[in-house]
Amino acid sequence: MVATDAETARRRRLRRRLRWWYRDAGRDLPWRHSRDPWAVLVSETMLQQTQAARVAARYPAFLARFPPPAAMAAATPADVVVEWAGLGYNRRAVSLHATATALVERHGGAVPRDVAALTALPGVGPYTARAVRAFSFDAPAAPVDTNVARVLARLVAGAACSRSQAQRLADELAPRYAPGEWASALMELGATVCTARRPACRSCPVVGDCAWAATPSGDDPAAASAHRARPQAAFAGSDRQARGRLVAALQRGPVAQARLAQAAGVADTTRLERLVARLIADGLAERRDGELRLPGR
Ligand code: SF4
């Protein structure tokens, strides 16, 4: 899309105001203290499915245990799963170990800055690759997560966006100067002000230039956008809960076959067997000597 003069001026103002606001109001989060690409890759992997507060509590110790990719590659996947305790969605720990191993084998233990090389790594998708480029190398890249897509739909488009439209808008807006800071500012606005349920438009630093705020009676553009957060099924009693319990038990040590039902909180043997089979298929467990355990433990 070719921007008019007025639109170009609006975008310039947005960039300037949002940057100032972020420098003043951005949260002090542990991963914002480092531009080391491995540290960024680890934090972005954690933040994909875990709330920032929980990541902040676990991230420093995790990174201290595996400071460069080589340290993780030299450990076993089970070691990484144990350190991952408390973060949930444990398959990411196995995937991160595969990423570290590929970094050592293909790149001498360094994290590449090129999107194609990054996305060729196991477990690294386009979002993470762009985040590493922007936050570590301050290279032109516009990572679009759910928060950023919501802000773009409301603030810039004033209309629902498909995934490709949101990415195109983000690419158009990304400045040449300090694209990493800009990406952080957009994410911060989505996480703390332009939230999914109750956007705090009255205290928003860019309300004067917001496309949706100019037409407040219109439907929320983010509600019909492709990136919107889907409501999750109830956690209590779910397979996700039972699986989490099982992995938490394995993180403490092997579990005898006879104790699996109790550890998972699942009495139905067919369901329990299905859960165990899925853990094994995901590389999170193996059966040995009548026990279920983390692989290699
Ligand atoms: S004015 Fe409201 S809708 Fe627009 S970006 Fe700010 S918080 Fe979001």
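## Surroundings of the ligand

In this predicted model, the ligand is surrounded by 14 residues, of which Cys194, Pro199, Cys201, Cys204 and Cys210 are the closest. By class, the shell around the ligand consists of 13 nonpolar residues and one charged residue, with no polar ones.

## The chain as a whole

The protein chain has 297 residues, and 36% of them are buried. Its secondary structure amounts to 14 helices and three strands. Taken along the principal axes, the box filled by the C-alpha atoms is roughly 70 × 45 × 30 Å.

Contacts can also be sorted by how far apart the partners are in sequence. Of the contacts between residues at least 6 apart in sequence, 63% join residues at least 24 apart.

## Domains

The chain is divided into three parts: domain 1 (5–27 + 142–224), domain 2 (36–137) and domain 3 (239–293). The centres of domain 1 and domain 2, taken over C-alpha atoms, are separated by 27 Å.

Where these two domains meet, seven residues of domain 1 are in contact with five residues of domain 2. The side of domain 1 that touches domain 2 has five nonpolar residues, one polar residue and one charged residue.

## Helix 2 and helix 3

Two packed helices are described by the angle between their axes and the distance between the axes. For helix 2 (residues 37–47) and helix 3 (residues 52–65), the angle is about 145° and the axes are 10 Å apart. The crossing of helix 2 with helix 3 is right-handed.

Helix 2 contributes Ala39, Val42, Ser43, Met46 and Leu47 to the contact, while helix 3 contributes Ala52, Val55, Tyr59, Phe62 and Leu63. Nine of the residues in this contact are nonpolar and one is polar; none is charged.

## A loop residue: Ala110

Ala110 is found in the loop that lies between helix 6 (91–107) and helix 7 (115–119).

Conventions
Residues are numbered from 1 along each chain as its sequence is written. This is a predicted model: local features need pLDDT of at least 70, side-chain atom pairs count only at pLDDT 80 or more; totals for chains, interfaces and linings use all residues. A residue is near a molecule or strand if its C-beta atom, placed from the backbone, lies within 6 Å of it. Ala, Val, Leu, Ile, Met, Phe, Trp, Tyr, Cys and Pro count as nonpolar, Asp, Glu, Lys and Arg as charged, and the others, Gly among them, as polar. Helices (H or I, at least four residues) and strands (E, at least two) are DSSP runs, numbered from the N terminus. Domain bounds come from an automatic or database domain assignment. Axes are lines fitted to C-alpha atoms, for helices over the stretch in contact, and angles run from 0 to 180 degrees between N-to-C directions. A crossing is left-handed if the near helix is turned anticlockwise from the far one by less than a right angle, and right-handed if clockwise. A residue is buried if 20 or more other C-beta atoms lie within 10 Å of its own, exposed if 12 or fewer, and partly exposed in between; C-beta atoms are placed from the backbone.
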